[in-house]
Each structure stands twice: as C-alpha cells, then as structure tokens.
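Thank you all for coming.

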Amino acid sequence: MARSWLDIDPSSDFSLANIPFGIISTPDDPARHVGIAIGTYVLDLKVLADQIGAHHLLPYGLGSNPAVFAEHTLNVFAELGRSVHRYVRERIQDLLAENTTCPDLLKNNAELREKALWPQRRVKMFLPMDIGDYTDFYAGYHHAYAVGVMFRGPANALQPNYTHLPVGYHGRASSIVVSGTPVRRPVGQILLDPKAEPKQPTVAPSRKLDIELELGCFITKSNPLGQPVSIGEAEQHVFGYVLLNDWSARDIQTWEYVPLGPFNGKNFATTISPWVVLADALEPFKAKGIENPTPVQEYLKEKRGETVYDIQLEVDLTTPEGNTTTITKTSGKNLMWSFPQMIAHHTLGGCPLREGDLLGSGTISGPVPEQSGSLLELSEGGTREIQLSGGSETRTFLKDGDTVTFRGFCVGKEGERVGFGECTGRVQG
C-alpha cells in the first residue's frame, strides 16, 4: 500500500488501507452528506465530486450522478454494489496517495483541500444508513456457552439447535443510535425477589444495565420476496461493518423473555460506530472462526475456511469522575457463524433483506473470563465485583453517568491499520 501525502499517524484506524464511509455535516454545509475518514481528517465527497467531477470517482455510466454523494444516508451508494464500492475506494486511495496519478485534482489543489478536508473534530457524524430492519444473532460461541452455564449448567449450556443454525431474533431498528448519543436507563417490569412465590413484578428503572460487544453488518442489496440468497452469493450482499453495542437490561430481560425472547430489555437502545468499514478493506484480515463440531446443512457450507475477521476488540468503562478502565479485550475470531451464513439462513424461507438492513453478530467473548464481551459474564451474573483502575471503585452492572467505549481494529503492516474508530455511549438516569 502506498503512503499518503497527508500526515497520518501509523496507529490511526483510518489509514490509506481503510477508507471507511460515513454521513457527515460540516460548518460549511449543515445538510447530511457523504464523507470518508482518513487519518485525523474527513474528506467531504460531496464537495470533491462537485469540484473535480463525479466521473473521477464513479465508474463509467455513473459519472454523471454526483448526487450519490449528496444523499443523507449511504443507502443509495450501498445499493450500487460491491464492484462500485471497490472502484470508488480505489479512486480515493489514488487521490490521497503520495504517488497519485492525478496530483492536480487534490494533492496540489490548495483551494480544494481547504474546502474538502476537515479535521474530524469539526465534523458532525450521523447514522450512516437508513435502517429498515435489524436482526441480532447469537454467533459468539463463548458468550452463548458462558451464559448458558450460568442459567442451565454445563450439561445444558447450549440449546440443541445452536451448532445447527445461526440463532437470531428480530431487533428494533428505530432505537439504533450513532456513537455519542446518550442512552437513557430503561424502565420495565423486574422481579426484586426472583425466588419469591407467587412472582410479583414491580415497574422500576433497570438495576442490571449491561453492554454487548458485537460487530454489525450492513446489507448492500436486496433479494426478492421468496428468493433465498445462496451461501455463494451472500458475500456480495455485504456492504460493510460497524462496531455495535446492543445495550441490555438483564433484569427486565430475565422476567419477560419466556416464551418469545427479548423485548423491552433490548429495544431501548443499540449504539453503532459512525464509519462503515467496507468489506474489501477487511478482506486481508479474514481468519478462521471457532470450529463447529456439527456437520451443517448444505445451504450453510462455505468453500473458504477463513470466514470471520481477526479484529482486535476492546471495551473501556469511564466513571462519572473520569476514571477509565479497559475492562475487556477479545477478538472478532470468536464467532462460530459467519455473516454470509447468517444471510443465507435469514433468507432461507424467502425473507427479503433490503439495502441498509443491519445484522448483529451477537456478543463476542473469548474463551477466558477476562475476554468477556458483557458485564453479565465479567461479574458472573452480578455475583462478583469488577475492579476498576484506581482501586476504589467496582462495578457489577452500569451506573448512571458511566460511559462505555468500544474500539476495534486490524493490524496489518506499519501504516496499514484498518479500524472502526469508537462506539461510545453514556448512561443517563
């Protein structure tokens, strides 16, 4: 990968090898439109296309439509398909490369650089997609097993279907928010004394507010009603990826989830990172996931062994006083099911996915407790205090004023790091 003429720190998530897409507004243009992240900057693609001509960014046949970068979401761009995303990303990489083939377009054009390149701190970020539907899966094997042991014991930790299909449920798209949005502590029915008979719930704010460390996958194109997506075609339906925090109220969830699954314990907020990392940017970091001991059905069989991503994942908890502790580190490799398998299974019965739909991986935890992707696991169901740095504070679940920050990144050659930036939210009472 070539170096950029921009000064980019080698530890930046947004190297020339990345080029993630997002929806921005700037001091010059308050309307939402498309930009990309590069180092500590944002490149305004609406301005760039207007000034140099969209034919320098889009492939032949689409060059007369600069409006794609003026859209208030990435849905229209996503719908153009993987080959167009690849072409645009490569054109931007060339424009930003030290040895660019078109130096006069941007590198040597001081006036355009002034208009199109913004420090990230001066840009406002928004949800990248218009999300029609959201499905949350349960593909993190170690999380599924640990929670199963907690509630059912080792012998029955996993349900019989777990290794046969990617388990999932329908989430709530309307409460998906972009990183930085405050999260209100939910109110719901909870059991103050779960052992009492008869069961008598009370309505109160959740006392067991939790996080779930996940990856999110955006769909790039739809399939018609009644036509499933084959496992061989599923990769072409992936636009890109974000970090995802599926906030969870464990006490509300415990009382309500039988027999139909999570409801108010999950539907109050899901936070995603603002930059969509394209599938092509993550391709060099494909890795083998957790081996499934069960032979899967033909429609779930993948030809390639490397089906998940070697993404380093970290979670910080910052107290209201500003004390920050990294409470977990794990890897994106800790998934048993891949996103193409999730797509193939989701559409098996003919369900149509649409561009902008979001799939969650489920909580990603490692094989040891300190690699857990939820406080439920880290605190062993609330029975063990999690020690925070400084020595004076502990947590079992989140308190009002706590801020949770996810980070995720892939480490390639020096200067070729591919990351997501931050996915953060602060709890409000």
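I will go through two cis peptide bonds and then two residues with positive phi.

Before the details, please keep in mind that this is a predicted model, in which local features need pLDDT of at least 70 and side-chain atom pairs count only at pLDDT 80 or more, while totals for chains, interfaces and linings use all residues. Residues are numbered from 1 along each chain as its sequence is written, and side-chain values use heavy atoms, with hydrogens and water left out.

Let me begin with the peptide bonds. Glu197 and Pro198 are joined by a cis peptide bond, for which omega is about -5 degrees, and Pro198 has its place in the loop between β10 (187-190) and β11 (202-205). When I speak of helices and strands, I mean DSSP runs numbered from the N terminus, helices being H or I with at least four residues and strands being E with at least two. The bond from Val258 to Pro259 is also cis, with omega near 10 degrees, and Pro259 is found in the loop between α6 (250-256) and β16 (270-272).

Now to phi. Where does Ile19 lie? Ile19 is in the segment before β1 (21-26), and its phi is near 60 degrees, a positive value in a residue other than glycine. Is Ile19 buried or exposed? Ile19 counts as buried, because its relative accessibility is 0%; buried means under 20% relative accessible area, exposed over 50%, and partly exposed in between, with a 1.4 Å probe and protein chains only.

Glu380, another non-glycine residue with positive phi, has a value near 55 degrees, and lies in the loop between α9 (375-378) and β23 (386-387). With a relative accessible area of 44%, Glu380 is partly exposed.
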